[in-house]
Amino acid sequence: MTVRRASRIPGLQRDDLVRGEAFIDGAWVGAESRISVENPADGLVVGDVPDLGAGEATQAVTAAQDAMPGWQTLTGKARGQVLRRWSELMLAHAEDLARIMTAEQGKPLAEARGEVAYAAAFLEWFAEEARRVNGDILTPHASDKRLTVLRRPVGVVAAITPWNFPLAMITRKAGPALAVGCTMVVKPSELTPLSALALARLGQEAGVPPGVFNVITGQAAPIGDVLTGDPRIRKFTFTGSTAVGKMLAARCMATVKRVSLELGGNAPFIVFDDADIEAAVDGAIASKFRNTGQTCVCANRFFVQAGIHDRFAAALAARVGGLRLGPGLIGAFDQGPLIDARAVAKVRAHIADAVGAGARILTGGQSATVGPLFFQPTVLVDVRPDALVNREETFGPLAAITRFETEAEAIRMANDTSTGLAAYVFTQDMSRGVRLSETLECGMVGLNAGLISTEVAPFGGVKESGMGREGSRYGLEDYLDLKLVCANVA
Ligand code: NAP
């Protein structure tokens with residue numbers, strides 16, 4: 001078996017963090033058949049990884065299963081110490097991790113650095129939580145009985161993760177899973193496997209025992225079949241599109257796995273007449289244009305009240321028109337490329353649909369000259385409530401504004417969607433803020449805030465945006481089973 005290493009990413013302190021092998025049972029595993037990893041900013045290959053399949057996925061599950069007894073019998077403190085070291089190593093190598101991420105994903109380097117810190121924070125948070133996985137003693141139902149509720153690790157965990165946050169979407173799952181004593185197999189997106197493998201390398205250096213954390217690269221379908229079908233996997237956790245998540249979750253039911261799903265969103269961003277306009281524009285830029293509009297919590301539908309509409313739209317368009325586009329490894333830019341040509345086509349289709357029905361372009365609207373996957377950040381007004389962009393997640397740099405008159409109308413339009421991940425409300429009327437926070441059908445509300453994600457708070461959605469929560473103390477629950485011990489003391 002040939003093992004090849006890629007090292008074409010400039011400016012790395014440690015070339016060995018760019019791995020050309022998958023990580024199974026504490027060993028680096030290569031293959032003749034390779035998958036190239038391209039930089040979406042220029043189309044150049046920045047590395048390649050093994051194209052593995054069902055056989056290797058099954059080996060990884062076996063490794064995780066075999067590692068489970070040793071890992072779960074360590075004390076929470078000991079597991080926490082390993083997670084903490086892993087987090088510290090991520091921070092010590094933050095610049096390399098950020099460069100690897102920008103090279104394969106395209107996000108500006110400043111954002112990649114931010115994601116490394118965010119991703120490391122999940123390992124740190126759950127390192128601390130590892131010592132607090134406590135059970136309960138219940139008041140018994142009979143005088144000769146004693147009832148104890150244990151919280152036990154669910155077992156081997158399989159995770160499938162997307163390309164838009166190549167590190168954080170893994171550590172948000174690995175942190176709680178490993179903290180409570182589970183072991184895991186991760187399949188990262190084939191578009192961004194290098195970040196996952198660099199993470200595995202640092203995990204190995206931090207002392208994560210062989211088999212506890214495995215990363216398998218290759219074709220999604222055959223690996224996915226194992227991760228959703230193997231009965232030894234007791235928990236399946238997925239972050240990605242709603243369509244794929246539904247399909248994989250259905251397969252998990254044949255072996256009744258616990259399932260967590262972090263799926264797509266279609267977040268409303270509601271600006272009332274009484275909003276602080278500057279704060280609303282700041283929030284819109286942060287929420288809509290971070291990661292070139294490719295975040296699941298991205299504002300997707302802008303609903304702006306009539307009295308502030310024109311001022312807000314003009315101020316947003318002015319800021320958006322000033323965003324700088326370029327390859328993240330070369331300069332300090334605000335926007336990178338989209339992930340692939342399909343993503344560009346979707347933004348284009350949403351704009352064409354809206355404009356065809358009478359919307360106006362205030363800024364942007366076309367491909368940028370920087371490269372084929374760059375698209376001008378765009379602001380549209382006079383977008384109809386039934387436009388494609390208001391019905392589907394765009395996942396690109398398009399802010400489409402629809403005007404409204406009353407609070408009731410805004411709530412009705414905001415809730416008129418099958419998904420419910422995030423929602424944003426800008427108002428200085430706190431009573432209204434409370435009303436909206438309670439009425440909007442979503443898992444997270446940004447009230448005068450455009451950035452809402454943190455390791456200390458629960459992240460997740462309602463409706464078709466998924467089930468379960470990640471991060472925070474609630475994030476542990478998805479990896480724990482309750483077990484009752486009913487003792488007869490007569
Ligand atoms: P995707 O196409 O669903 O892919 C997600 C993962 O599923 C990737 O690892 C992909 O592998 C894998 N996959 C695709 N088809 C599969 C199959 N038939 N069997 C097994 N695995 C399969 O989603 P994406 O385009 O990468 O990510 C964007 C979506 O993720 C958006 O909808 C976004 O809103 C959502 N997202 C949600 C959250 C959240 O927390 N709610 C966070 C981030 C992103 P390959 O890439 O190798 O094909």
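Predicted model: local features only at pLDDT ≥ 70, side-chain atom pairs only at ≥ 80, totals over all residues.
In tryptophan 163, a polar side-chain atom lies 2.9 Å from an oxygen atom of the ligand. In glutamate 262, an N or O atom of the side chain is 3.3 Å from an oxygen atom of the ligand.

The rest of this account concerns helix packing. Two packed helices are described by the angle between their axes and the distance between the axes.

Take H1 and H7 to begin with. Helix H1 covers residues 54-73 and helix H7 residues 220-229; their axes are 8 Å apart and form an angle of about 35°. The crossing of this pair is right-handed. On the H1 side the contact involves Ala54, Ala57, Thr58 and Val61, which meet Pro222, Ile223, Val226 and Leu227 of H7. By residue class, the contact of H1 with H7 has 7 nonpolar residues, 1 polar and no charged.

Next come H3, residues 94-105, and H4, residues 109-129, whose axes come within 8 Å and cross at roughly 125°. Because of that angle, H3 is oblique to H4. H3 passes H4 in a right-handed crossing. From H3, the residues Ala94, Glu95, Leu97, Ala98, Arg99, Met101 and Thr102 meet Leu109, Ala112, Arg113, Glu115 and Val116 in H4. The contact of H3 with H4 includes charged residues, 4 in number, together with 7 nonpolar and 1 polar.

The remaining pair is H9, residues 277-289, with H10, residues 306-321; these helices pack at about 50° with their axes 10 Å apart. This angle makes H9 oblique to H10. Their crossing is right-handed. H9 contributes Ile277, Ala280, Val281, Asp282, Ala284, Ile285 and Phe289 to the contact, and H10 contributes Ile308, Arg311, Phe312, Ala315, Leu316, Arg319 and Val320. The residues where H9 meets H10 divide into 11 nonpolar and 3 charged, with no polar ones.

How values were computed:
Residues numbered from 1 in each chain as written. Heavy atoms only, no water. Axes fitted to C-alpha atoms, helices over the stretch in contact; angles between N-to-C directions. Helix = DSSP H or I, 4+ residues; strand = E, 2+ residues; numbered from the N terminus. Parallel < 35°, antiparallel > 145°, perpendicular 65-115°, else oblique. Left-handed = near helix turned anticlockwise from the far one by under 90°. Contact = heavy atoms within 4.5 Å. Nonpolar A, V, L, I, M, F, W, Y, C, P; charged D, E, K, R; others polar. Polar contact = N/O pair within 3.5 Å; in protein donor to acceptor, adjacent residues only side chain to side chain.
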